[in-house]
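Subject: Structure handover

Hello,

Here is the structure I promised to pass on. My notes on the helix packing and the pocket follow below it.

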Amino acid sequence: MGVIAGGIVGRRSQNRQWLQGTQTAAYERFLQAFGAVEAELREAFLEERQPATHVWGPFNAGVQSLSLVATREAATAAVQLCNVVEDFTILFHGRQPTDLEELRPIHGALEEAHLKFVNAARRSLDPSQEHLDQTLGGPSPWRGVVSFYAQRAAPDAAE
């Protein structure tokens, strides 16, 4: 009886370790792909061009990987982040945005959704992880966006 119980406990432990490792990899893939998409959309917005399409494949693959192993909380946070990314892409539909104030609410929503996902992912990997008030990586600080926009607009003003 003890051998059977030990085998069951050992198998559960192996399954938990496998799931945690798989979740970690999926969360990393998703965050890396999100970073590439967010940076491309932001740069395209600020450079007044259409976004490149090459970043969407890894992003969509990252979302699909999450659907296999994410906890409900992490999946919900990922959906929220994806919805904000979609709102960002809508700015490009049929026109090229040029008003920095159009970007401000989306930028704030991206920061908030990114932080929510990171915290949900951290808790799913280890419930003892502390809640973060800010993340490392993700959308650049708004002051950096404004500075880049001002530098880009300065040569136009001189002409």
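How close do the axes of α3 and α4 come, and at what angle do they cross? They come within 8 Å and cross at roughly 160°. Axes here are lines fitted to C-alpha atoms, for helices over the stretch in contact, and angles run from 0 to 180 degrees between N-to-C directions.

Before you read on: this is a predicted model, where local features need pLDDT of at least 70, side-chain atom pairs count only at pLDDT 80 or more, and totals for chains, interfaces and linings use all residues. Residues are numbered from 1 along each chain as its sequence is written, and side-chain values use heavy atoms, with hydrogens and water left out.

**α3 and α4**

These two helices are therefore roughly antiparallel (an angle over 145 degrees). Contact means heavy atoms within 4.5 Å. On the α3 side, the contact residues include A74, A77, L81, V84 and F88. On the α4 side, they include L103, I106, L110, F117 and A121. By class, this contact has 15 nonpolar, two polar and five charged residues. Nonpolar covers Ala, Val, Leu, Ile, Met, Phe, Trp, Tyr, Cys and Pro; charged covers Asp, Glu, Lys and Arg; the others, Gly among them, are polar.

**α2 and α3**

Helix α2 spans residues 56-69 and helix α3 spans residues 72-90. Helices are DSSP runs (H or I, at least four residues), numbered from the N terminus. The α2 and α3 axes come within 11 Å and cross at roughly 155°. This pair is therefore roughly antiparallel too. From α2, W56, F59, V63 and L66 meet A78, C82, V85 and T89 of α3. That contact divides into seven nonpolar, one polar and no charged residues.

**The largest pocket**

A pocket is an open set of points on a 1 Å grid over the protein atoms alone, where a 1.4 Å probe fits, with protein on both sides within 12 Å along at least five of seven lines. Lining residues have an atom within 4 Å of a point. The volume is about 170 Å³, counted as the space filled by probe spheres set on the points, which are joined across faces, edges and corners. Among the lining residues are E111, H114, D133 and R143. Helix α4 (residues 100-125) gives the largest share of the lining, three residues.

Best wishes

How values were computed: Angles under 35 degrees count as roughly parallel, over 145 as roughly antiparallel, 65 to 115 as roughly perpendicular and the rest as oblique.
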